[in-house]
2 protein chains.
Amino acid sequence: MAVYTDISEEELVAFLGEYSVGNLLSYKGIAEGTENSNYLLHTTQGAYILTLYERRVEKADLPFFLGLMQHLSRKGISCPLPVQRKDGELIGHLAGRPAALITFLEGNWMRSPTAAHCRQVGKALAEMHLAAADFTLTRPNALAPEGWLKLWSACRDRADQVMVGLAEETSRDLDEIVGQWPTDLPSGVIHADLFPDNVFFLNGKLSGLIDFYFACNDLLAYDIATCLNAWCFEKDISFNLTKGAALLAGYQSVRPLGPAELEALPLLARGSAVRFMLTRLYDWLTIPDGPLVKKRDPLEYLRRMRFHRQIRSANEYGVGIG
Amino acid sequence: MAVYTDISEEELVAFLGEYSVGNLLSYKGIAEGTENSNYLLHTTQGAYILTLYERRVEKADLPFFLGLMQHLSRKGISCPLPVQRKDGELIGHLAGRPAALITFLEGNWMRSPTAAHCRQVGKALAEMHLAAADFTLTRPNALAPEGWLKLWSACRDRADQVMVGLAEETSRDLDEIVGQWPTDLPSGVIHADLFPDNVFFLNGKLSGLIDFYFACNDLLAYDIATCLNAWCFEKDISFNLTKGAALLAGYQSVRPLGPAELEALPLLARGSAVRFMLTRLYDWLTIPDGPLVKKRDPLEYLRRMRFHRQIRSANEYGVGIG
């Protein structure tokens with residue numbers, strides 16, 4: 001759930017006065033994104049998303065996120081385009097928060113993606129990686145091994161409240177994963193959170209990628225590993241090889257993976273699973289319960305960690321099949 | 001906050017197949033309404049609101065609510081128009097719930113309404129009352145004196161948890177108000193919840209009324225009393241006479257109030273204040289706390305009850321001034 005900040009028409013109209021987007025017709029708080037307040041605006045010129053950045057987003061990171069969207073959009077990647085203000089800036093202020101206006105992307109996210117969707121996601125991810133290659137700003141990944149260890153030290157003592165044995169199992173896994181973590185693979189700008197709710201489709205065709213607020217510089221193949229976790233497991237946490245094969249084939253149709261990337265894939269997938277397990281665990285232990293709070297189960301990612309632990313080679317994800 | 005039910009594109013496309021509204025482009029859960037799940041849809045033909053009726057809405061009441069919107073819209077009142085299905089029905093089913101598709105009304109609600117807004121609201125309320133006069137369905141007001149007493153018996157024993165003395169003060173007030181409650185005033189269909197968030201404006205002009213899910217048959221002047229409570233008090237619960245005068249003048253420019261209605265106005269305003277105090281008190285005592293739950297303070301309405309208790313005549317609300 002989102003929408004933390006309410007805004008009045010007066011302040012919104014004043015804010016929009018800095019842009020050339022026509023006159024305001026309506027604005028509705030939408031229940032998308034978890035970190036920011038988002039409004040869907042109608043103006044006489046079309047539809048826009050207004051995002052107010054709440055405190056979990058570092059203000060210093062906004063030029064990276066918005067600049068990346070602008071860069072990708074100019075390179076032909078379908079993603080929201082931040083609208084420039086009359087003074088050329090991408091970031092304004094509204095209700096005491098940094099705020100940006102971005103174009104509205106039609107399309108819907110898939111609650112139950114198929115292999116055909118996975119293939120398109122793989123292809124779009126590779127296209128994004130190539131298009132971002134000459135983006136000049138950089139941002140380190142705050143949720144890379146060092147970040148995992150910080151989260152883990154904040155959660156470890158209470159991990160067994162969630163499941164007896166979780167502390168020991170995670171510690172052992174983290175030691176193995178972090179100890180072997182590769183550093184010499186091709187790197188660049190990654191999306192880092194390309195879950196189904198961040199990919200829109202229209203009539204079965206991918207219509208765009210959204211939510212670049214975890215984007216950063218890291219290993220490109222790590223982004224694929226996250227997509228395997230996000231797109232290729234069924235609700236019962238069984239791995240769907242057909243979807244894995246389609247996702248990997250879609251990616252490789254644009255950017256073939258090198259032998260070292262393929263070899264590292266099981267470890268990268270374990271790392272990605274532990275990353276989402278840890279952020280979910282942290283939220284599970286720190287966010288108070290409430291009737292409208294739907295916390296996500298960290299154990300769904302423990303089960304992915306266990307799955308990837310048994311994988312011996314990228315072939316078992318479907319490389320070369322799809 | 002709203003949006004309780006998530007829906008998939010597949011089921012939404014199947015649902016829309018029963019209507020002639022073009023092809024789905026996007027749908028976003030919106031944070032409006034507290035009783036139902038609402039989505040803002042874009043199709044190739046325009047924008048629509050999709051409402052899923054959650055359990056707090058009686059299914060048997062839907063023909064009244066939707067039929068009223070259709071009736072008012074045909075009579076020229078600007079309000080959302082329920083879209084007919086190909087089979088002529090107004091109510092469909094989606095995700096196991098009754099659901100309706102209604103036209104999207106552009107406009108914004110006023111967080112800080114002025115007297116000019118109040119005048120237009122008064123006028124629109126009177127126009128609605130006249131336009132509904134020949135609507136044939138009826139619905140009793142579940143939140144009339146009998147309903148208040150039911151709520152009160154559920155809350156009374158715990159009322160002093162909210163404020164010491166609340167139980168005694170409310171009991172005394174309820175006795176007085178219910179004992180003198182008028183029955184012989186002009187009655188008809190009332191909106192019963194015409195708060196600022198249910199009235200849209202565009203460029204300073206009223207563009208429509210929404211949310212008819214409390215509409216019912218009751219005293220017409222009681223609807224005005226609710227608007228006085230909803231529109232004419234400042235945030236510090238002081239009464240703004242200029243706004244009261246404007247609201248009443250706007251109403252009377254379309255439908256002049258009779259002497260008996262004017263005389264009853266202070267009592268009706270007390271009754272309306274006690275009605276909102278009681279529903280807020282009930283929610284306050286029964287809804288669990290949580291980080292995303294923003295419960296509304298019943299004492300804001302206790303203060304309105306106290307204000308209206310001292311009023312001797314409708315002139316003190318501004319009748320004849322505006």
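**Contacts, helices and backbone**

User: Which residues does Arg309(A) touch, not counting residues up to four places away in sequence?
Analyst: This is a predicted model. Arg309(A) lies in helix H9 of chain A, residues 299–309. Leaving out residues up to four places away in sequence, Arg309(A) touches Glu169(A), Asp173(A) and Arg270(A).

User: Is Arg309(A) buried, partly exposed or exposed?
Analyst: Buried means under 20% relative accessible area, and exposed means over 50%. Arg309(A) has 26% relative accessibility, so the class is partly exposed.

User: What separates the C-alpha atoms of Arg309(A) and Lys59(A)?
Analyst: Along the chain these two residues are 250 residues apart.

User: Is Lys28(A) buried or exposed?
Analyst: Lys28(A) is found in strand E1 of chain A, residues 24–30. The cut-off for buried is under 20% relative accessible area. Lys28(A) has 4%, so this lysine is buried.

User: Which residues of chain B are in contact with Lys28(A)?
Analyst: Set aside neighbours within four places in sequence. In chain A, Lys28(A) then contacts Asn38(A), Tyr39(A) and Leu40(A). In chain B, the contacts are Ile30(B), Glu32(B), Leu40(B), Phe104(B) and Phe200(B).

User: What separates the C-alpha atoms of Lys28(A) and Asn38(A)?
Analyst: Asn38(A) is one of the contacts of Lys28(A). The two are 10 residues apart along the chain. Their C-alpha atoms are separated by 8.4 Å.

User: Are H6(A) and H7(A) roughly parallel or roughly antiparallel?
Analyst: H6 covers residues 220–231 of chain A and H7 covers residues 241–252. Their axes come within 10 Å and cross at roughly 150 degrees. Angles over 145 degrees count as roughly antiparallel. H6(A) and H7(A) are therefore roughly antiparallel.

User: How do the residues in the contact of H6(A) with H7(A) divide into nonpolar, polar and charged?
Analyst: H6(A) supplies Leu220(A), Ile224(A), Cys227(A), Leu228(A) and Trp231(A). These meet Lys243(A), Gly244(A), Leu247(A), Leu248(A) and Tyr251(A) in H7(A). The contact residues divide into eight nonpolar, one polar and one charged.

User: Is the crossing of H6(A) and H7(A) left-handed or right-handed?
Analyst: The axes of the two helices cross at roughly 150 degrees. The handedness of the crossing of H6(A) and H7(A) is right-handed.

User: What is the phi of Ile237(A), and where does this residue lie?
Analyst: Most residues other than glycine have a negative phi. Ile237(A) is not a glycine, yet its phi is positive, about 65 degrees. With a relative accessible area of 10%, Ile237(A) is buried. Ile237(A) lies in the loop between H6 and H7 of chain A.

User: Where is Ala95(A), and what is its phi?
Analyst: Ala95(A) sits in the loop between strand E4 (92–94) and strand E5 (97–103) of chain A. Ala95(A) is partly exposed, with a relative accessible area of 26%. Phi of Ala95(A) is positive, near 55 degrees.

User: What radius of gyration does chain A have?
Analyst: Chain A has nine helices and 10 strands. For 322 residues, a compact globule would have a radius of gyration near 20 Å. Chain A agrees with that value, at 20 Å.

User: What share of the residues in chain A is buried?
Analyst: The C-alpha trace of chain A spans about 60 × 45 × 35 Å along its principal axes. Of the 322 residues in chain A, the buried share is 58%.

Technical notes: Residues numbered from 1 in each chain as written. Chains lettered and ligands numbered in written order. Predicted model: local features only at pLDDT ≥ 70, side-chain atom pairs only at ≥ 80, totals over all residues. Heavy atoms only, no water. Axes fitted to C-alpha atoms, helices over the stretch in contact; angles between N-to-C directions. Helix = DSSP H or I, 4+ residues; strand = E, 2+ residues; numbered from the N terminus. Parallel < 35°, antiparallel > 145°, perpendicular 65-115°, else oblique. Left-handed = near helix turned anticlockwise from the far one by under 90°. Contact = heavy atoms within 4.5 Å. Nonpolar A, V, L, I, M, F, W, Y, C, P; charged D, E, K, R; others polar. Rg over C-alpha atoms; globule rule 2.2 N^0.38 Å. Buried < 20%, exposed > 50% of the residue type's maximum accessible area, 1.4 Å probe, protein only.
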